[in-house]
Amino acid sequence: MREKIDSFSVKFLTGLFALGVLSLGMLLGEFQARAASGSLFQHFEDIEMTTHEGKRVRFYEDLIKGKVVSINFIYTRCSDSCPAETAKLREVYERLGDRVGRDIFMYSISVDPQHDTPEALNSFAKKFKIGPGWTFLRAEESDVERIEKHFGLDLDSDEFDDPDDHNISLVLGNERTGQWIKRSPFDNPGALARILGYRLFDGMVAQNTVKSYSEAPEAPSLSAGAFLFKTRCESCHTLGGGETLGPDLLGVTTRRDPAWLARWIREPDRMIEEGDPLALKLYREYRELAMPNLRLEDSEVEALVEYLTEADRERGLVPVPPRQARLH
Ligand code: HEC
């Protein structure tokens, strides 16, 4: 009996010891792996992708390894969230200036690879006047899914059947230090630029080398219309600052009927679909970049029209009174 117990405890202890060694080994392994590259990508099998310029690249080796990057997911047929998201990120891109492509790299991966050929992605990038350093990418569906899973972004529903369900997240990271941060592309562009241009560099870059920190905190006295304009429209429009992605809206109330203006702001996609002549004319003039339906409430549309009308009046311009549509 005693012998039995002894042999049992020896076996038990040996087992325990072996387990200990094993888990210690695993711990050390993980530690070394992290220390070696600080990477979330340990054991990550590389993924073949094609850029909007038709170049074949590998996701990890060519795009991520050793770099500070931003990654988001879009598809080019999407009429609301993706254009709004891309226009917002373009503000970040502008703020970082020529650092994008040099020490910061931006990637937008299509969740609709069936339709998003490199040509489709290229024309999308052109519509948004996107230059070097920001790459649009296509990969096989299952590979895109793997990337999303890797960042903890995969969804329950099948986004490839309905890309409208795609994840509106932005991942910012430094592969070298292993720091990864999840954000929304609709966050304040100045804050996103600070993360990409400064925080992820672990103090290796002086804060003032980020192109601009000029954005002041939201003034508490901003009217509802002004606030909406700043947060929802300014990525594509100015008021007197010239054309950006869309037309300069200074004077817009002097040339458009208020009812047309309100409907356009509420559902530009429907008006283009219905073939409204003015909507189509604008759409063609602006590189077929469709203004997104921003899902605004009626009260928000009203506040915006009021804001645009006031902005014109303040500059001595005379808005078109209601019911005098002059479509030209
Ligand atoms: C993603 C970019 C984008 C965003 C965001 C956006 N627009 Fe536009 N907007 C456009 C484009 C591009 C056009 C030109 C028509 C077209 O191509 O669809 C346009 C056209 C317009 C026009 C018609 C101008 C004219 O001459 O008649 C108005 C008014 C307008 N936008 C208001 C707004 C307002 C208000 C917001 C915010 C609530 C907004 N837009 C947000 C891109 C955008």
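Predicted model: local features only at pLDDT ≥ 70, side-chain atom pairs only at ≥ 80, totals over all residues.
View 1. Helices (H or I, at least four residues) and strands (E, at least two) are DSSP runs, numbered from the N terminus. Of the 328 residues, 31% count as buried. Here a residue is buried if 20 or more other C-beta atoms lie within 10 Å of its own, exposed if 12 or fewer, and partly exposed in between, with C-beta atoms placed from the backbone. Now for contacts: two residues are in contact if their C-beta atoms, placed from the backbone, lie within 7 Å. Take the contacts between residues at least 6 apart in sequence, and 68% of them join residues at least 24 apart.

**View 2. The open sheet, seven strands in the order β2-β1-β5-β4-β3-β6-β7.** The pairing is mixed, and two strands pair if DSSP finds at least two bridges between them. At the edges sit β2 (56–58) and β7, each of which pairs on one side only. From one strand to the next the twist averages 30°. Axes here are lines fitted to C-alpha atoms, for helices over the stretch in contact, and angles run from 0 to 180 degrees between N-to-C directions. Look at β3 and β4: they run parallel and are joined by seven bridges. Six of the seven residues of β3 are buried, so the rest of the structure largely encloses this strand.

**View 3. One end of the sheet, where β1 meets β2.** Strand β1 (residues 48–51) and β2 run antiparallel, with three bridges joining them. Threonine 50 is the residue opposite arginine 56 in β2. Helix α3 (residues 81–96) packs on the sheet and touches β3, β4 and β5 (134–138), its direction making about 165° with that of β3. Helix α4 (residues 118–127) also packs on the sheet, touching β1, β4 and β5, and its direction makes about 150° with that of β5.

**View 4. The hairpin of β6 and β7.** Five bridges tie β6 (residues 170–174) to β7 (residues 179–183), and the two run antiparallel. Find leucine 172, and you'll see that its bridge partner in β7 is isoleucine 181. Four residues lie between the strands, and glycine 178 in the turn has a positive phi of about 75°.

**View 5. Helix α5 (residues 141–150) and its buried residues.** Val144, Ile147 and Glu148 are the buried ones. Seen down the axis of α5, the buried residues fall within an arc of 100°, so they line one face of the helix; the arc is that of the directions from the helix axis to the C-beta atoms. An α-helix has 3.6 residues a turn, so residues three or four places apart point the same way. The buried residues of α5 pack against α2 (59–64), β3 (68–74) and β4 (104–110). Over on the other side of α5, Ser142 and Lys149 are exposed. Just after the helix comes glycine 152, with a positive phi of about 70°.

**View 6. Helix α7 (residues 224–233) crossing α12.** The two axes come within 8 Å and cross at roughly 95°. That makes α7 and α12 roughly perpendicular, since angles under 35 degrees count as roughly parallel, over 145 as roughly antiparallel, 65 to 115 as roughly perpendicular and the rest as oblique. On the α7 side, Ala224, Gly225, Ala226, Leu228 and Phe229 meet Glu300, Ala303, Leu304, Glu306 and Tyr307 in α12. These residues divide into seven nonpolar, one polar and two charged. For that count, Ala, Val, Leu, Ile, Met, Phe, Trp, Tyr, Cys and Pro are nonpolar, Asp, Glu, Lys and Arg charged, and the others, Gly among them, polar.

**View 7. Alanine 303 in helix α12 (residues 298–314).** Alanine 303 counts as partly exposed because it has 19 C-beta neighbours inside 10 Å. Leaving aside neighbours within four places in sequence, alanine 303 is in contact with Ala224, Gly225 and Leu228.

Definitions and conventions:
Residues numbered from 1 in each chain as written.
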